[in-house]
Amino acid sequence: MEKFIRIILLVLSLTLMTGCDLFRYHPYENVDNVPMQLTEKNAKIIEQLGIGRDTLRFAFFSDTQRNYDDTRKAVNFLNNHPELDFVLHGGDLTDFGLSEEYRWMTKELNRLQHPWLTVIGNHDFLGTGEHQYQAIFGPYNYSLNIGHLHLVCLNTNSREQEYSVPVPDFQFLEDDIKDVLRINEQNPDSITHTVFMMHACPGDEQFNNNVAIPFMIYVRQYPGLEKESPVLSAEDIASWYISDADREAIIGTFRYGFIINGHKHRHELIQALNDNCLFYGIPHIAERECYFFTITPDGFTYEVKYF
């Protein structure tokens with residue numbers, strides 16, 4: 001009997017030793033077996049594919065936390081659209097910032113057959129989530145040039161960081177604007193369009209609304225978003241396949257620049273400060289909705305897609 005017990009204990013010990021990956025000491029321990037610095041990797045691919053291009057197509061969705069089945073359907077849907085050049089995710093990949101959540105969602109999104117980028121959402125900050133995000137993706141704020149398009153991706157989750165650091169990061173914006181202006185000075189009209197991606201927009205509870213006006217002043221210095229930039233007319237968007245409400249919201253907004261955001265979990269097109277700069281807010285992924293944008297020399301087009 002004693003020999004039998006020893007054999008059982010030995011088998012159990014070996015099982016535990018070989019199956020250590022099945023156990024977690026803590027739900028917020030560092031994530032492993034996940035590709036790191038995905039932003040830098042995918043940004044390089046996206047910048048490369050933009051060389052010499054005057055037309056770009058990308059999809060946007062957001063707030064996939066805990067919705068793994070819906071995210072899988074979204075990935076399958078987007079993979080059936082080979083005309084897309086890249087995909088953008090508006091943040092809240094996780095619900096609690098758990099390492100396993102990051103692992104599961106990143107694995108699902110890496111099935112995309114298009115390079116993809118994201119920004120950090122307020123839920124992604126929870127626990128040690130902010131550190132997990134930085135390890136897997138990289139900096140909170142970054143930008144890249146894709147053909148004539150300048151894409152700016154920002155952390156706007158002031159509340160989650162208890163207003164303890166500058167969010168939005170005005171120093172980043174100031175340096176980025178200088179870089180863009182320098183490029184256009186050296187080669188005029190190299191950058192003609194600007195798109196911002198963020199999780200929370202001005203007016204949201206996560207945004208530091210004490211600096212909403214200064215923030216928009218910075219935004220309005222980018223190509224396509226300046227005060228004198230052309231705007232869209234009813235004729236410009238007559239062929240767009242959109243709702244009457246969206247059509248009304250879009251008329252009179254900038255032709256060469258716009259902002260995309262998540263967080264509110266609803267479809268909402270608004271001008272945050274009534275200044276012709278339109279925010280395209282998207283529902284959470286459970287609504288099975290994503291946006292398709294096509295950047296062209298004449299401006300851009302927008303369409304809502306359901307899956």
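Beyond its neighbours within four places in sequence, Arg-220 is in contact (heavy atoms within 4.5 Å) with Leu-225, Glu-226, Lys-227, Phe-254 and Asp-275. The structure is a predicted model, in which local features need pLDDT of at least 70 and side-chain atom pairs count only at pLDDT 80 or more, whereas totals for chains, interfaces and linings use all residues. Residues are numbered from 1 along each chain as its sequence is written, and side-chain values use heavy atoms, with hydrogens and water left out.

Arg-220 is located in the loop between helix H7 (212-219) and helix H8 (244-250); helices are DSSP runs of H or I with at least four residues, numbered from the N terminus. Its relative accessibility is 19%, so Arg-220 counts as buried (under 20% relative accessible area, 1.4 Å probe, protein chains only). A polar atom of the Arg-220 side chain lies 2.7 Å from the backbone oxygen of Leu-225, and a polar atom of this side chain lies 3.2 Å from the backbone oxygen of Asp-275.

The axes of helix H3 (residues 68-79) and helix H4 (residues 99-109) come within 9 Å and cross at roughly 20 degrees, the axes being lines fitted to C-alpha atoms over the stretch in contact, with angles from 0 to 180 degrees between N-to-C directions. H3 and H4 are therefore roughly parallel to each other (angles under 35 degrees).

Technical notes. Helix = DSSP H or I, 4+ residues; strand = E, 2+ residues; numbered from the N terminus. Buried < 20%, exposed > 50% of the residue type's maximum accessible area, 1.4 Å probe, protein only. Polar contact = N/O pair within 3.5 Å; in protein donor to acceptor, adjacent residues only side chain to side chain. Parallel < 35°, antiparallel > 145°, perpendicular 65-115°, else oblique.
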